[in-house]
Amino acid sequence: MSSTDTPKTSFKQRMLQVREDAIIHAVNRLLAEKGFEAMTVDEVAAQVGIAKASLYKHFSSKEDLAAAAIVRGMRRAQNFIGGLPSEAPPLENLRAVVRWLLEVKLAGDMPILPSQSSSLRATLMVNSDYMDSLMAISDRLEKWIEAAQTRGELSQRLPTIAILFTLFACASDPVVEFLQMGGRFTDEQITDIVLATYFEGINAR
């Protein structure tokens with residue numbers, strides 16, 4: 001291959017990457033708006049402005065499309081969590097993670113997670129990138145939860161895994177949508193309300 005061929009190949013690769021990024025962005029938005037079952041490949045292609053046949057050159061199925069968007073979201077979460085100060089109190093970091101999740105959800109960038117019987121869930125379970133990210137995030141959060149329990153900042157009566165899944169649940173909590181209805185609360189107020197509910201509960205103190 002001559003030296004003059006390299007720029008052309010590199011340009012083509014960059015264009016393919018730009019298109020793939022646009023596809024994943026469109027999929028992420030559609031997953032956030034309506035979920036996997038209601039999303040169609042035709043909608044994705046229309047939002048990106050390409051033919052469905054061109055889309056299939058990047059991703060072989062609807063499940064692969066959605067998995068790519070979810071994996072990218074998991075990596076965003078990993079990057080955010082990895083950037084939190086290790087010397088900060090564990091409860092402070094846990095609150096920061098939940099606040100970030102709520103902000104992403106309120107911005108319309110949080111995909112609705114698939115149901116237990118979904119073909120997407122089956123695809124994710126055999127996706128090593130997804131599973132690696134999920135385990136890394138879970139391990140970090142579990143360590144913070146255990147540390148916060150030891151410090152008496154979180155209930156020791158609750159299993160660590162139960163608290164972990166409760167925090168994960170905020171990513172698909174319908175309360176956020178209900179609070180958005182009618183425009184009574186700002187996004188910041190909604191975030192504060194949900195954070196207080198998760199970390200302080202509803203009992204009078």
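Good morning. I begin with two phenylalanines: Phe165 and Phe168 sit 3 residues apart in helix α8, which means that about one helical turn separates them. Their ring centres are 6.4 Å apart and their planes meet at 45°, so this aromatic pair is tilted. Phe165 is exposed, because its relative accessible area is 52% and exposed means over 50%. Phe168, at 23%, counts as partly exposed.

Please keep in mind that we are looking at a predicted model. The mean pLDDT of the protein is 89, and 92% of its residues reach 70 or more. Among the elements, helix α1, residues 5-34, has the lowest mean pLDDT, 82, while α7 has the highest, 96.

Let me return to the aromatic rings. How many aromatic pairs does the structure hold? There are 2 aromatic pairs. Is Trp100 buried or exposed? Trp100 is buried, with a relative accessible area of 14%, whereas Phe80, at 27%, counts as partly exposed.

I turn now to helix α7. This helix has 23 residues and reaches 33 Å from its first C-alpha to its last, close to the 33 Å expected at 1.5 Å a residue. Just after α7, Gly152 takes a positive phi of about 75°.

Which elements do the buried residues of α7 pack against? They pack against α4, α5, α6 and α8. Among these buried residues are Tyr130, Ile137, Leu141, Trp144 and Ile145. Gln149 is another buried residue of α7. The C-alpha atoms of Gln149 and Glu92 are separated by 13 Å, although the two residues are 57 residues apart along the chain. Glu92 has its place in helix α5 and counts as partly exposed at 48% relative accessibility.

My last topic is charge. In general, side chains of opposite charge can pair when their charged atoms come close. The structure holds 8 salt bridges, and I shall describe some of them.

One joins Asp129 to Arg75, with 3.3 Å from N to O. Asp129 lies in helix α7 and Arg75 in helix α4, so this pair ties together parts that are 54 residues apart in sequence. Asp129 is partly exposed at 36% relative accessibility, and Arg75 is partly exposed as well, with a relative accessible area of 41%.

Another salt bridge is formed by Asp42 and Lys52, whose closest N and O atoms are 3.2 Å apart. Here, too, distant parts of the chain are linked: Asp42 is in helix α2, Lys52 is in helix α3, and the two are 10 residues apart. Asp42 counts as partly exposed at 48% relative accessibility, as does Lys52 at 34%.

Finally, Glu43 forms a salt bridge with Lys34, in which the closest N and O atoms are 2.5 Å apart. Glu43 is partly exposed at 24% relative accessibility, and Lys34 is partly exposed with a relative accessible area of 35%.

Thank you for your attention.

Methods: Residues numbered from 1 in each chain as written. Predicted model: local features only at pLDDT ≥ 70, side-chain atom pairs only at ≥ 80, totals over all residues. Heavy atoms only, no water. Salt bridge = Lys/Arg side-chain N within 4 Å of Asp/Glu carboxyl O. Buried < 20%, exposed > 50% of the residue type's maximum accessible area, 1.4 Å probe, protein only. Helix = DSSP H or I, 4+ residues; strand = E, 2+ residues; numbered from the N terminus. pLDDT = per-residue confidence, 0-100. Expected span 1.5 Å × (residues − 1). Contact = heavy atoms within 4.5 Å. Phe/Tyr/Trp six-rings, centres within 6.5 Å; stacked < 30°, edge-to-face > 60°.
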